[in-house]
Amino acid sequence: MDQSDADPNTAYYQLDPNAVLNAVESAGFCPDGRFLALNSYENRVYQVGMEDAEPVVVKFYRTGRWAEDEILEEHEFALELVEHEIPVVAPLRVQGRTLLEHRGFRFAVFPRRGGRWPDLDNPDNLLWLGRFLGRIHLVGAARPFCHRPALDTRTFGWESRTYLMEQGFIEGGLLPAYESVSRDVLQRVDDAFARVGAFETLRLHGDCHPGNILWRDDGPHFVDLDDARSGPAVQDLWMLLSGERWEQTALLSELIEGYSEFRDFDPRELHLVEALRALRMVHYAAWLARRWSDPAFPRAFPWFNTQRYWEDHVLALREQMSALDEPPLSL
């Protein structure tokens, strides 16, 4: 079956253990039969044991999400970062190619890199992360993406909102509340971007939360550039901030101190921190809705699309609207 013609949310039914191992063998590897499904829902990711070699990690790309040129551009960015001695886990080249195919599934093979979540309470770790993010952005600013999309309020915000309202995910009683609060939040997001004005757009990791940073004894490794896109530098910083305002200010100060050793940070982008957080909230709910017919999602996210979920979501958006009305963080 050609997966290009399959339903993106059900195509993974064809990806049974034999298909995974056969795909790895087709790339010239010698799996020993052991494999472990890793925590991934957008794609399918497996650790596969090798005969007389270290295990590898194999990522099967979701059908229809990215065009081939977009995936290859992600791979090229990761390899470019590695060439600059930045600890990013990049795909392996197999006979000169990083994007492989088996039975209609596109996949890539990565070296296995273990690690733990970073301790963000340690100021030295934050300085370390800031330095690496500054170096990543130096490379990211060298040239633009040609194929991968940009982070913008239209696709992440307004189109996500429209999808949720038109596809019947929000029960009728809560729909007016969601329609009102989401509109007000996204209008404030647009206002925040307008206040900043023109800002530098560069190639980003795009999803730089603690779960995509593996800490080892020799420092951090950045993984999963699947959401790499163009946008403001602060997109790769704000997801490392949490807690009360004073706590976020302290975390940000350490990050920017390290970042500034390699690259200047435009403080106007601090107006975008809460705006980007709001976009992620709206986009995340729409992402779950768009994937709801994938059988893995109801199992993994049983709390989604319940009355309680939408009540909490509306409340969270109201709280985020208050955050958007506050002055931005300062250095």
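**The nonpolar core**

Author: In this predicted model, the largest nonpolar core has 73 residues. Leu164, Val189, Phe222 and Trp310 are those with the most contacts inside it. The elements that give two or more residues to this core are the helices α2 (68-83), α3 (123-140), α4 (153-166), α5 (175-196), α6 (245-259), α7 (273-290) and α9 (307-325), together with the strand β7 (213-216). Of these, α7 gives the most, with 11 residues.

Helix α7 has 18 residues, and 13 of them are buried, so the helix is mostly covered. From its first C-alpha to its last, α7 reaches 26 Å, close to the 26 Å expected at 1.5 Å a residue.

Leaving aside neighbours within four places in sequence, Leu164 is in contact with Phe169, Ile170, Tyr178, Val282, Ala285, Ala286, Ala289 and Trp310. A second, separate core has 19 residues, including Ala19, Leu100, Phe105 and Phe107.

As for helix placement, α2 and α3 pack at an angle of about 120°, with their axes 10 Å apart. Angles of 65 to 115 degrees would count as roughly perpendicular and those over 145 as roughly antiparallel, so α2 is oblique to α3. The crossing of the two helices α2 and α3 is right-handed. On the α2 side the contact is made by Phe77, Glu80 and Leu81; on the α3 side it is made by Ile136, Val139 and Gly140.

Notes. Residues numbered from 1 in each chain as written. Predicted model: local features only at pLDDT ≥ 70, side-chain atom pairs only at ≥ 80, totals over all residues. Heavy atoms only, no water. Core = buried A, V, L, I, M, F, W, Y, C linked by side-chain atoms within 4.5 Å. Buried < 20%, exposed > 50% of the residue type's maximum accessible area, 1.4 Å probe, protein only. Helix = DSSP H or I, 4+ residues; strand = E, 2+ residues; numbered from the N terminus. Contact = heavy atoms within 4.5 Å. Expected span 1.5 Å × (residues − 1). Axes fitted to C-alpha atoms, helices over the stretch in contact; angles between N-to-C directions. Parallel < 35°, antiparallel > 145°, perpendicular 65-115°, else oblique. Left-handed = near helix turned anticlockwise from the far one by under 90°.
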